[in-house]
Amino acid sequence: MRTIAVINQKGGCGKTTTVINLAACLARKNKKVLVVDMDPQAHATLGLGLGLGGYEYTVYDLLLDSGRKELQPGDVVIEISRGLDLIPSDVMLSAAEPALLGRDHREYLLADVLKSVEQRYDFCIIDCPPNIGILTFNALFACSEAIIPLETGLFAIHGLAKLMETIEIVNAKRNLTITTNALLTMFDRRTRIAYESLHEVQKHLGGQVFTAVINFNVRLKEAVSHGRPVIDYAPDSIGARDYLDLAAEVLKMKVKKIAAARDEEGKEKGMLFSFYAPHAKQVCVVADFNDWQPGRTPLQHVDGSGVWKRFVPLKKGAYEYKFLVDGTWVTDSTNPKVVRSEFGENSLIEID
Ligand SMILES: Nc1ncnc2c1ncn2[C@@H]1O[C@H](COP(=O)(O)OP(=O)(O)OP(=O)(O)O)[C@@H](O)[C@H]1O
Ligand SMILES: [Mg+2]
């Protein structure tokens, strides 16, 4: 199964439209596809024709149940059409962030859920919310590929650096590379700005941009409000053609099989510290386990990536830490667990 997260913290850039229509086009090409709606707004669920409340369980139940295994993905999956299934969402999912705060391995809950359906599908496409929090991290820890829709226009690449930085951090933590490609959406061929933003995106991302481009097409908007993919609602539209092109490109891509990085990680107890700072000269982890001594535990720069990392063997227990980046103290932005200390906030990890 190829698991693709459709991700951008920027709202309204075409994530959900891409999830619904890429999934439907892949299913049309005889692939078995599972859509996972990881957005409490539940737009993918609605856009695939489900009325809110018309289903018993959501992805929230699966994530919260993860580990207990009382609930199987099969209890939650809804068949939408031939080859296309959905794990729906609803507004309850917004409670996931506080509910999961104290959980171990909370970024891996979705990955664990998806393991049990891996043999049943060719593709899993995950719709992410417009923010970088625990839900988006779960999608990133579960995926092998990411698609970043970018709304063509003046601010297309705004926020892109932060997003790439987040993906790099996840790559460093998982010890793998998520294959990441940007997708230009709402492209208006009649405007110069459309081509300017395409060039800007290509300049920033090099080859990591899909050749397929999604044009602005009102049929896409109509289709979603009718709860149908555009290839059913308006099969002859430009929107249908564009998403079929994208599906063909996705099918042609050569993707590496990703080894289960976490299984290897488990050999030695400890923590892989990582921090994204492309311009820094030195990054250290400063913690109670090194007596808060700056310089004792420097991180190594992973060539050219901007990511600094170091695995620190640690015994069972709870540890407080911060990063020292060229003399500035910062908490770990990828770790939502923090504790207050006399010097402000520290990040907290628990090794069990
Ligand atoms: N290519 C397109 N042409 C015309 N309208 C589009 C296109 N793509 C998306 N839209 C419309 O733009 C709006 C935002 O799209 P969409 O919901 O897919 O974005 P999103 O990134 O999922 O938003 P959010 O961040 O809120 O989840 C919707 O009304 C959608 O119908
Ligand atoms: Mg959306």
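How are α1 and α12 oriented relative to each other: roughly parallel or roughly perpendicular? This report works through that pair of helices, then the sheets, the hairpins and the ligand shell. The model is predicted.

**A pair of helices**

Start with the geometry. Helix α12 covers residues 238–252, and α1 packs against α12 at an angle of about 70 degrees. Their axes are 9 Å apart. Angles of 65 to 115 degrees count as roughly perpendicular. α1 and α12 are therefore roughly perpendicular to each other. Their crossing is right-handed.

Which residues of α1 and α12 make the contact? From α1 come Asn 21, Leu 22, Cys 25 and Leu 26. From α12 come Tyr 243, Leu 244, Leu 246, Ala 247 and Val 250. By class, this contact has eight nonpolar residues, one polar residue and no charged residues.

Strands of a sheet pair through backbone hydrogen bonds, either parallel or antiparallel.

β1 (residues 2–6) and β5 (residues 123–127) pair in the parallel sense. β3 and β4 (residues 84–87) run antiparallel.

**The sheet of three strands**

A second open sheet has the order β8-β11-β10, with antiparallel pairing. Which strands lie at its edges? They are β8 (270–276) and β10 (300–301), each pairing on one side only. A helix belongs to this picture too. Helix α8 (residues 160–174) lies across β8 and β11. α8 runs at about 155 degrees to β8.

**Strand pairs side by side**

β11 spans residues 307–313. β14 spans residues 338–341, and β15 spans residues 344–351.

| Strand pair | Sense | Bridges |
|---|---|---|
| β1 and β5 | parallel | five bridges |
| β3 and β4 | antiparallel | three bridges |
| β10 and β11 | antiparallel | two bridges |
| β14 and β15 | antiparallel | four bridges |

Now go down to single residues. Ile 4 stands opposite Ile 125 in β5. Glu 79 stands opposite Asp 85 in β4. Gln 300 has Lys 309 in β11 as its bridge partner. Arg 340 stands opposite Glu 345 in β15.

**Two hairpins**

β3 and β4 form a hairpin, with two residues between them. In the turn, Gly 83 has a positive phi of about 80 degrees. Another hairpin joins β14 to β15, again through two residues.

**Around ligand 1**

How many residues surround ligand 1? There are 20, and the closest are Gly 11, Lys 15, Thr 16, Thr 17 and Pro 130. Two helices, α1 (15–28) and α10 (218–225), each supply at least two residues of this shell. Which element gives the most to the shell? α10 does, with four residues. By class, the shell has eight nonpolar, nine polar and three charged residues.

Methods: Residues numbered from 1 in each chain as written. Chains lettered and ligands numbered in written order. Predicted model: local features only at pLDDT ≥ 70, side-chain atom pairs only at ≥ 80, totals over all residues. Near = placed C-beta within 6 Å. Nonpolar A, V, L, I, M, F, W, Y, C, P; charged D, E, K, R; others polar. Pairing = 2+ DSSP bridges. Axes fitted to C-alpha atoms, helices over the stretch in contact; angles between N-to-C directions. Parallel < 35°, antiparallel > 145°, perpendicular 65-115°, else oblique. Left-handed = near helix turned anticlockwise from the far one by under 90°. Contact = placed C-beta atoms within 7 Å.
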